[in-house]
Amino acid sequence: MLDILSLTLDELTEQIILIDELKYRAKQIFTWLHVKKISEFSEMTDIPKALIKKLNEKFILHSYKPTEIFQSFRDNTVKYLFMLSDGEYVETVVMRYKRGISVCVSTQVGCKMGCKFCASGIAGFIRNLSPGEIVAQIYAAERISAENAAGVVLMGIGEPLDNFDNTVRFLNVISDKAGRNMSLRHVSVSTCGIVPKIYSLAELKTGITLSISLHAATDIKRSKLMPVNDVYNISALIKACDEYLKLTGRRVSFEYSVIDGENNSREDADALIKLLKTKNCHVNLIPVNSIRETTFHSGKKSAEAFKLLLTKGGLNVTVRRTLGTDIDAACGQLRRTKKDTAKVK
Ligand code: SAH
């Protein structure tokens with residue numbers, strides 16, 4: 001079965017011709033899928049029954065309804081747990097900002113990267129998501145919210161650049177002018193720093209915002225938190241970011257989870273200032289979300305204090321709102337809880 005939401009209009013048109021249908025049908029179907037966001041082919045009222053039958057035989061249409069919904073009491077963040085067609089789960093988070101909703105999607109089931117503060121990879125890696133499975137998370141969130149997302153961030157479970165081809169295909173589908181027509185300027189891709197893929201992404205000049213999960217400014221500290229740093233160290237990563245800015249003209253954003261006693265001392269601030277002060281970039285501080293397996297903790301006060309040190313050193317810094325900490329909004333925590341509960345049953 002072909003995953004229909006993974007196809008651009010051109011690709012769908014090829015498939016429609018292969019099943020002996022007229023080309024204009026592809027455009028009609030594409031609009032139903034990406035503008036009206038149907039859940040089943042049978043909802044397409046101007047498509048003949050015989051064609052709907054053919055579509056059902058040839059294609060799978062991913063359409064998610066939440067298995068569980070977690071609404072934060074502290075803010076407007078909502079987290080959805082969606083079951084995929086093979087019974088695996090992913091998490092999708094909807095955050096409400098003044099300019100509209102932003103949808104945070106997962107790109108893999110599990111993760112191989114093993115960052116010490118992150119829940120996504122603790123139970124290992126299961127599989128990549130297809131482009132359509134990423135698109136379907138956005139459409140499910142948009143259907144529930146009854147509005148189109150103003151922004152999309154690839155910051156849920158998984159490492160998008162470890163699922164590079166599907167991530168790029170996803171960007172092509174979501175920005176297809178005949179369909180959802182999302183401006184890629186409103187899409188952020190977050191990576192732990194898979195350097196060769198940063199160069200590949202830069203060459204594509206997609207217009208997305210690149211976010212780098214930095215979390216430490218020296219190799220010794222970063223390798224302790226993020227094993228990927230043993231393969232691609234900070235200097236290789238920063239060089240790739242410089243090239244990204246040069247090729248795309250897009251300012252890179254650095255994510256830094258503030259962890260008390262680990263990466264928020266004055267020395268840490270000085271090292272970060274030294275690393276980034278000549279760069280055209282932005283630093284986003286996030287108080288670390290505690291997960292069960294670690295003693296890592298932090299709070300808004302630590303993040304604000306660290307921000308002050310960095311701002312004094314001339315960096316451009318914001319503290320991210322700690323959206324939905326009461327609903328385990330940090331990546332992967334919910335899927336794990338669900339798996340544990342399922343095991344107990
Ligand atoms: N793999 C990608 C995207 C997923 S993680 C990446 O590494 O960027 C999205 C962001 O949340 C990353 O910056 C990640 O480092 C951060 N993150 C993960 N777990 C966290 C936690 N417990 N507290 C705070 N930030 C966390």
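Which residue of β9 is the bridge partner of Ser102? The legends below, for a predicted model, begin with this pairing.

**View 1. Pairing of strands β6 and β9.** Strand β6 covers residues 100-104 and strand β9 covers residues 151-154. The two strands run parallel and are joined by three bridges. In β9, Gly151 is the bridge partner of Ser102.

**View 2. The open sheet of 10 strands.** The strands follow the order β3-β4-β5-β6-β9-β10-β11-β12-β13-β14, and their pairing is mixed. At the edges stand β3 (66-71) and β14 (317-319), each of which pairs on one side only. On average, neighbouring strands of this sheet are turned by 20 degrees against each other, direction ignored.

**View 3. Helix α8 across strands β11 and β12.** Helix α8, formed by residues 234-248, lies across β11 (209-213) and β12. The helix runs at about 145 degrees to β12.

**View 4. The shell of residues around the ligand.** There are 18 residues around the ligand, and those that come nearest are Phe117, Ser190, Ser213, His215 and Asn289.

View 5. For Thr191, a backbone N or O atom is 3.3 Å from an oxygen atom of the ligand. A polar backbone atom of Cys192 is 3.4 Å from an oxygen atom of the ligand. The ligand taken alone exposes 530 Å², of which the protein buries 96%.

How values were computed:
Residues numbered from 1 in each chain as written. Predicted model: local features only at pLDDT ≥ 70, side-chain atom pairs only at ≥ 80, totals over all residues. Heavy atoms only, no water. Near = heavy atom within 4 Å. Polar contact = N/O pair within 3.5 Å; in protein donor to acceptor, adjacent residues only side chain to side chain. Areas by Shrake-Rupley, 256 points an atom, 1.4 Å probe, with all protein chains shown as cover. Nonpolar A, V, L, I, M, F, W, Y, C, P; charged D, E, K, R; others polar. Pairing = 2+ DSSP bridges. Helix = DSSP H or I, 4+ residues; strand = E, 2+ residues; numbered from the N terminus. Axes fitted to C-alpha atoms, helices over the stretch in contact; angles between N-to-C directions. Contact = heavy atoms within 4.5 Å.
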